[in-house]
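Open the model in your viewer and keep the selection panel at hand.

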Amino acid sequence: MWKFPGGLSEPGEDIGDTAVREVFEETGIKSEFRSLLSIRQQHTNPGAFGKSDMYIICRLKPCSFTINFCQHECLRCEWMDLNDLVKTENTTPITSRVASLLLYGYREGFDKIDLTMEELPAVYTGLFYKLYHKELPENYKIMTGMD
């Protein structure tokens, strides 16, 4: 079945860094993190070591295009047209849905589907966290309160 590259985060590894690393390890493609697209939550996944599973799907921008795939993890690896991927029966439901999201983003603008990242100061001095959310319109970014 066709699917997007993916894998587990290393302890302390940011979401975007995990996506970039996993894509490179599985395909040989260098990329840059752009946004979060969706999150799958599943509680009884046999491969989740007895834990609830959160599978986070990111949108990346390729920086290279020559595929050199990992034969230990993949049987085949190729660039596919999203129109074809949406229509194929030889894929998972999540891959088909994400391909549809990406098509919508290409046609209507990624601002319609992206969850962007903003780094904000934590309540602990000197620490920061990453907040993923839909981009706010400019007039809301400068507001200090709601009237």
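Select Cys70 and Cys74: the sulfur of Cys70 lies 6.2 Å from that of Cys74, its closest cysteine sulfur, which is too far for a bond. A disulfide here is a pair of cysteine sulfur atoms within 2.5 Å, and the structure holds zero of them. Cys63 is also in no disulfide, the nearest cysteine sulfur being that of Cys58, 15 Å away. Cys63 is partly exposed at 44% relative accessibility (buried is under 20% relative accessible area, exposed over 50%, partly exposed in between; 1.4 Å probe, protein chains only).

This is a predicted model, in which local features need pLDDT of at least 70 and side-chain atom pairs 80 or more, while totals for chains, interfaces and linings use all residues. Residues are numbered from 1 along each chain as its sequence is written, and side-chain values use heavy atoms, without hydrogens and water.

Next, select Ile39, in strand β1 (residues 31-42); strands are DSSP E runs of at least two residues, helices H or I runs of at least four, numbered from the N terminus. Ile39 is partly exposed, at 46% relative accessible area.

Move to β3 (residues 116-121) and β4 (residues 128-133), an antiparallel pair with six bridges; pairing requires at least two DSSP bridges. Pro121 is opposite Phe128 in β4. Six residues separate the strands of this hairpin, and Gly126 has a positive phi near 85 degrees.

Finally, color by pLDDT, the predictor's confidence in each residue from 0 to 100. The protein's mean is 91, with 97% of residues at 70 or more.
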